[in-house]
Amino acid sequence: MTLSIPGNPKPGTFDTNKISIGTNKVKTKIKTSYLEGKFHFDIEIKIAAGLTERYFPYDMKKNGKQLEKMAGEQVQKQMENLIKKIQENKIDPIGLGLYARANEYSRYVKVEDHWGEALAEADIHVSVKVGIASWGPVK
């Protein structure tokens, strides 16, 4: 996954504000509820990543936590955009309907035939935390 890190990119052949990470381990927790006539999903994603590419000088020993935070913010923006597209298109490629059925069965059965529309109305909150587990060759 390649992410843009805010900063001062320098003009040239390569984008100098990008890093690439490989995901080693991803843990996801999804909490489901039904409030005020619609479904609510809280999705928590924790990513243990390995830094594979960095095009700018950066002191990982001093500022590693700051880079993790910036990477987490970028991944969160991407996830929020994905959720927005899912809701706009009234589709469920990530299987939130399974969580709704498992946790709020009586309410899910009422909207099962038009789940895409119910999902489009749902409140979906995503939180992402990235931890850089290894720096790889770019220390």
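Where in the fold does T32 lie? In this predicted model, T32 is part of strand 2. With a relative accessible area of 15%, T32 falls under the 20% cut-off, so the residue counts as buried. Leaving aside residues up to four places away in sequence, T32 touches H40, F41, Y99, A100, N103 and E104.

Next come the aromatic rings. The structure holds five aromatic pairs. Take F39 and F41: their ring centres are 6.3 Å apart and their planes sit at 15°, which is under 30 degrees, so this pair is stacked. Both residues are tucked away from the surface, too. F39 has 2% relative accessibility and therefore counts as buried, while F41, at 0%, also counts as buried.

W115 is worth a look of its own. Setting aside residues up to four places away in sequence, W115 touches F39, F41, D92, L96, G97, A100 and Y108. Among these are L96, G97 and A100, which are buried residues of helix 2. How are the buried residues of helix 2 arranged around its axis? Looking down that axis, they fall within an arc of 100°, so they line one face of the helix. An α-helix has 3.6 residues a turn, so residues three or four places apart point the same way. The face of helix 2 turned away from the buried side carries L98 and A102, and these two residues are exposed. As for what covers the buried residues of helix 2, the list includes strand 2, strand 3, helix 3, helix 4 and strand 4.

Strand 4 can also be followed to S134. This residue is found in strand 4, which covers residues 123-134. Is S134 buried, exposed or partly exposed? Its relative accessibility is 32%, so S134 counts as partly exposed. Not counting residues up to four places away in sequence, S134 touches N24, A49, G50 and L51. The chain also brings S134 and I21 to a C-alpha separation of 9.7 Å, even though the two are 113 residues apart along the chain.

Most residues other than glycine have a negative phi. E36 has a positive phi instead, near 50°. This residue lies in the loop between strand 2 (18-35) and strand 3 (38-54). E36 has a relative accessible area of 79%, over the 50% cut-off, so E36 is exposed. K90 also has a positive phi, near 55°, and sits in the loop between helix 1 (60-89) and helix 2 (96-103). At 47% relative accessibility, K90 falls between the 20% and 50% cut-offs and therefore counts as partly exposed.

Note on methods: Residues are numbered from 1 along each chain as its sequence is written. This is a predicted model: local features need pLDDT of at least 70, side-chain atom pairs count only at pLDDT 80 or more; totals for chains, interfaces and linings use all residues. Side-chain values use heavy atoms; hydrogens and water are left out. Helices (H or I, at least four residues) and strands (E, at least two) are DSSP runs, numbered from the N terminus. Buried means under 20% relative accessible area, exposed over 50%, partly exposed in between (1.4 Å probe, protein chains only). Contact means heavy atoms within 4.5 Å. The arc is that of the directions from the helix axis to the C-beta atoms. Rings of Phe, Tyr and Trp (its six-membered ring) pair if their centres lie within 6.5 Å; planes under 30 degrees apart count as stacked, over 60 as edge-to-face and the rest as tilted.
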